[in-house]
Every structure is written in structure tokens, then in C-alpha cells.
Amino acid sequence: MQRTRGRLAASILIALLVPVASAGAATTTTAAKSKTPAVKVETKQVKGSMKLYLPDAFFVNHDAVMVPNRAIHVRGVVWPFVHGQKVTLKASIGSHVIGTFHSWIYPSKNGRYGKFEESFRTSMTGNVTVVAAHAKTAAMKGFGAERHYSVLSETAGFGSTGQFVQLIQQRLAALHFYIPQTGVYDQGTGLAIDAYHRLLGWGVYQTLDARTVQYLLNGWGQFKVRFPSQGQHAEGDLSDQLLALINGSKVYAIYPISSGKPSTPTVLGDFHVYSKDPGYLPDGMYFSNFFTGGYAIHGYNPAPDYPASHGCMRLPIVDAISVYNWLQIGNGVDTYYG
């Protein structure tokens, strides 16, 4: 009987001890887990790139230039493209801020890169610095880009030099006015500006004004070819007092002329160069291209800005050799009033 009671007591004691041990083990495991440090998962930031373009800037000796009060657009390309991107764009001349924009970046058609565009305008002159900055985000590192351009003074006259004079000569040449690229506001520049004014119907003068500059920069004013089927030929527009050297429909060079005065007008019609005489002739004709009878295209001093010849088309002396070298025997010469 006592042996049986002893066994029962031992069984009860074991039953009571087992849950306590299990609870202790669970507590110990939980404590061990709470002491294990959490693993931090880091997102790798993408490195972005950006490039700025000045699509409507003018370039003189590879330097981007503009004139006061004319807008210049700054176009940016960003890659890779991520939705929700923004860029801060700021333009300054020294410490003076021209403008600041906070621009959204929009995807390209294929979504591989982003793009943005803003424009700046200033009445000041000087060197402009454009800075574009893309702030650091959770997905991308911070990055940016920078461009420079110059706003040039439009003040120029005979004897002037510099980038603005070079720009004017460049724009005249782009419209096919004959002008040696000297970089100096010289006689050739004055004659080309005069010819440009004649083409526009603005009269005859060799100086620059704001309207002329804007028209040149806009590329306005084209010589209208009358006889494109003539191949290599010359056209004398006696209404505008201009001579154009033309190959088919493409204008090669435009010159101011002085045609026949009312008492001895220039003959009208379709002719061909039949004789060429280099140097001076006894009557002062210089590098002459005869196209019918005694009528010729030639240099002469003076070659005023109005009809004054005996029927020829006079060129300023400085222009005569370039015309002589271009025209060949057999080339057409067409004279008309516009």
C-alpha cells in the first residue's frame, strides 16, 4: 500500500514538472530570438546622367551666342527615365539670376530617357551659365549638367570687330549675300547689308539697326530665282538693283549693282556671256563679263546705290573679281524688273 502511494506521488510530481520545463524552454527560445539583430535590406541607387542642348543658339567659332531680349531655349535629356522626376534649371550672369525653373521630366516615345525644356531671356549682356540639377531620391543619386552661352552687345559700326560682327557676317553669308568673312565691319560688310536692305525693300543703307539684326537672325529674306532651268547663270533684278549668281534654283551669291540710268537703260532679256576681259579696260571697266553687244557685268568706281551706268551692270570694285571668276563663257544672263 505504501509502495503504491509512493509511485502515485512520483507520477504527480513528474506531471507537474514537465509543463514548467517546457514553458522555460519556450521563454529561453523567445529571448534568444529577440536578441538576434534585424537584417537591413538596402536599395541600390541608380546613377543618372544628363545633357543640355541649346537648339536655337547661334555659334561663332564653336561658342554659343545670343543677343539681348531674344529667347534661348535650353533642352535637357535625362537617362534613365523614372516617373516623377523633376529638375531645377537656373541661368545666371555672374551673381545675377536670369531665371529659375522647377521642371517635370517627361518620357521619350520609347521611354528610355526623359526630356525637359525651358527658355530664358535677358536684356543684359555677358556670359550666361545654365545649371540643371536633379536632386537625390530614394531611387537615384543626385546629378546635373551645365552649359554656357554669351549674350552679345548689338552695338557695331564700321571698324568694329568681335563675335557680334562675326555673327552678322555669318548670317549674311547664310542668306547668300557675298561677304568675305573678315571679322571686321568693313566695306564688304556694308555692301552686303546694303544689298540685304534692297532685297527687303527697305531702301539703301549700310548700317545695322535692331530690325535688320532680328531679320538676319530669323533668316528672313530670300532672293526669288526666276529662271531655274538656266543652270549656271546670273540674274539681274533691276527693280532691287541686285545681281544674283545662281546654279539651277540654288543661289550662290548676291551683290548690289548700279544698272543703266534712265537715259541709257540696261537691256532686258535672256542673254549669254560671250566674252571676258580681266583687269581694267581703257574706260575704267574692271574684270568685265560681256553678255550682249557692249553690255557687261563689271566692276566700276563709282558703283552708286542707284542706276547710273551707260547700260552695264556695275559692281563695286571689291566685288568684281569674285563675279568674274564664277561666270563662264556660255552662262546665261537674265535681266528684268521685278
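Trainee: How are the axes of helix 2 and helix 4 placed, and at what angle do they cross?

Mentor: Two packed helices are described by the angle between their axes and the distance between the axes. In this predicted model, helix 2 (residues 163-174) and helix 4 (residues 210-218) have axes that come within 9 Å and cross at roughly 55 degrees; helices here are DSSP runs of H or I with at least four residues, strands are E runs with at least two, and both are numbered from the N terminus. The two helices are therefore oblique to each other, since angles under 35 degrees count as roughly parallel, over 145 as roughly antiparallel, 65 to 115 as roughly perpendicular and the rest as oblique.

Trainee: Which residues of helix 2 and helix 4 meet?

Mentor: With contact meaning heavy atoms within 4.5 Å, F164, L167, I168, R171 and L172 of helix 2 meet V213, L216 and L217 of helix 4.

Trainee: In what sense does strand 10 pair with strand 3, and in what sense with strand 9?

Mentor: Two strands pair if DSSP finds at least two bridges between them. Strand 3 (residues 63-66) and strand 10 (residues 143-151) pair in the parallel sense over two bridges, with V65 opposite S150, whereas strand 9 (residues 126-134) pairs with strand 10 in the antiparallel sense over nine bridges, V128 having Y149 as its bridge partner.

Trainee: What is the mean pLDDT of the protein?

Mentor: The mean pLDDT, the predictor's confidence in each residue from 0 to 100, is 90, and 87% of the residues reach 70 or more. Over residues 8-32, however, the pLDDT is below 50, and this stretch has zero contacts in the model beyond near neighbours in sequence. Where pLDDT is low, the predicted coordinates should not be read in detail.

Definitions and conventions:
Residues are numbered from 1 along each chain as its sequence is written. This is a predicted model: local features need pLDDT of at least 70, side-chain atom pairs count only at pLDDT 80 or more; totals for chains, interfaces and linings use all residues. Side-chain values use heavy atoms; hydrogens and water are left out. Axes are lines fitted to C-alpha atoms, for helices over the stretch in contact, and angles run from 0 to 180 degrees between N-to-C directions.
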